Amino acid sequence: MSIKKKSKELKLPKEKKRAPAQKKRRSRLGKHNMAPFLAPSIIGVTLFFLLPFLVVIFYSFVDNPVTKEWVWFDNFVRLVKNNSFKRAVKNTAAFTAIAVPLAVVLSLLLAIILDQRIPGRSQFRTFFLSPMMVPIASVVLIWQVLFHYNGAVNDFLSTFGISPVDWLKSDYAMVAIVPLYLWKNLGNMILFMAALGNIPRDIIEVAELESANSWQIFWHIKIRYLSPTILFVTIMSIISSFKVFREVYLLTGDHPVTSLYMLQHYMNNMFKSLDYQKLSAAAILMSLVMIVLIGALFLIENHFGKDVEE
């Protein structure tokens, strides 16, 4: 019996030494098995995102795609001096500054209201979520019926003796586009409702015991936990505001009124005229602006979310 015990004691250290080697082999096998699954995604991102972006950078620094003569920043200088580009940037910045804060704030307010037990709660959810599921062409068709010269809005205003307005072909065109953008993006309230449901209830109960009112609870507790969701919704709203070209194009065509001439209208016209240098330079500038905006939002969110992490 003593000999068997000794043989077992000798075998045990060998098994322990083999275990780490087996784990390493398994981890290497796991990595090799992952490669075939990751390869299609990596190849797709490289071919359809990274390489085209590098080509755009190259085009922004050359005279034209044929001669490929380097002009460095001349295309950017010409672009900044272009009056159409200035108008497009001004209109896009104004639309983003108006529409994005409204979309975020209204989505949050709707989420807070619908988070309460009120009658017709499910119907309100459906009303605000439906535009996100409906094709943009269908939403634009509704807006044409409403804001056409002979549409429902002018019919309603005529009952008060107000003369009809050509909403889509006048300086009031932005008034028609902002509500369309808001209705299309207010479905983000569902994200806020999910975030509100994840706030620990015991923290709110402690605040209520300390005689904190609703505003203090919202500002000092809820807003801290909602900061990641606010960041995400704001970023998605900014991206959507830069893509409002779809709605404006379907409503007014290639050449809208001056107040609706957006940055993507300018880029679309440069593409049609085969001026790839200005198109590439505009795309680079727009990317840089979005990177700066999103970076600033991350810094703000990091400041508000620090207390929650601690």
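Mentor: Let's start with a term: a helix here is a DSSP run of at least four residues, and helices are numbered from the N terminus. Keep in mind that this is a predicted model.

Trainee: What kinds of residues make up the lining of the second largest pocket?

Mentor: The lining splits into 13 nonpolar, three polar and one charged.

Trainee: What makes H12 count as mostly covered?

Mentor: H12 runs over residues 263-272, and seven of its 10 residues are buried. Among them are Tyr266, Met267 and Asn269.

Trainee: Why is Asn82 called buried?

Mentor: Check the value against the cut-off. Buried means under 20% relative accessible area, and Asn82 has 18%, so Asn82 counts as buried. Asn82 sits in the loop between helix H2 (74-81) and helix H3 (83-114).

Trainee: Which residues does Asn82 touch, leaving out those up to four places away in sequence?

Mentor: Tyr266 and Lys278. Asn82 and Lys278 are 196 residues apart in sequence, yet their C-alpha atoms are 9.9 Å apart in space.

Trainee: How do you know that Arg201 and Glu205 form a salt bridge?

Mentor: The cut-off is 4 Å between a side-chain nitrogen of Lys or Arg and a carboxyl oxygen of Asp or Glu. For Arg201 and Glu205, the closest N and O atoms are 3.8 Å apart, so the pair falls within 4 Å and qualifies. Both residues lie in helix H9, four residues apart, about one turn of the helix.

Trainee: What about Glu208 and Arg201, how far apart are they, N to O?

Mentor: 3.9 Å, and that pair is a salt bridge too. Arg246 and Glu247 also meet in one, at 3.8 Å. Salt bridges with shared partners join Arg201, Glu205 and Glu208 into one network.

Trainee: Are Arg246 and Glu247 buried or partly exposed?

Mentor: One of each. Arg246 has 41%, which lies between 20% and 50%, so Arg246 is partly exposed. Glu247 has 6%, which is under 20%, so Glu247 is buried.

How values were computed
Residues are numbered from 1 along each chain as its sequence is written. This is a predicted model: local features need pLDDT of at least 70, side-chain atom pairs count only at pLDDT 80 or more; totals for chains, interfaces and linings use all residues. Side-chain values use heavy atoms; hydrogens and water are left out. Buried means under 20% relative accessible area, exposed over 50%, partly exposed in between (1.4 Å probe, protein chains only). Helices (H or I, at least four residues) and strands (E, at least two) are DSSP runs, numbered from the N terminus. Contact means heavy atoms within 4.5 Å. Ala, Val, Leu, Ile, Met, Phe, Trp, Tyr, Cys and Pro count as nonpolar, Asp, Glu, Lys and Arg as charged, and the others, Gly among them, as polar.
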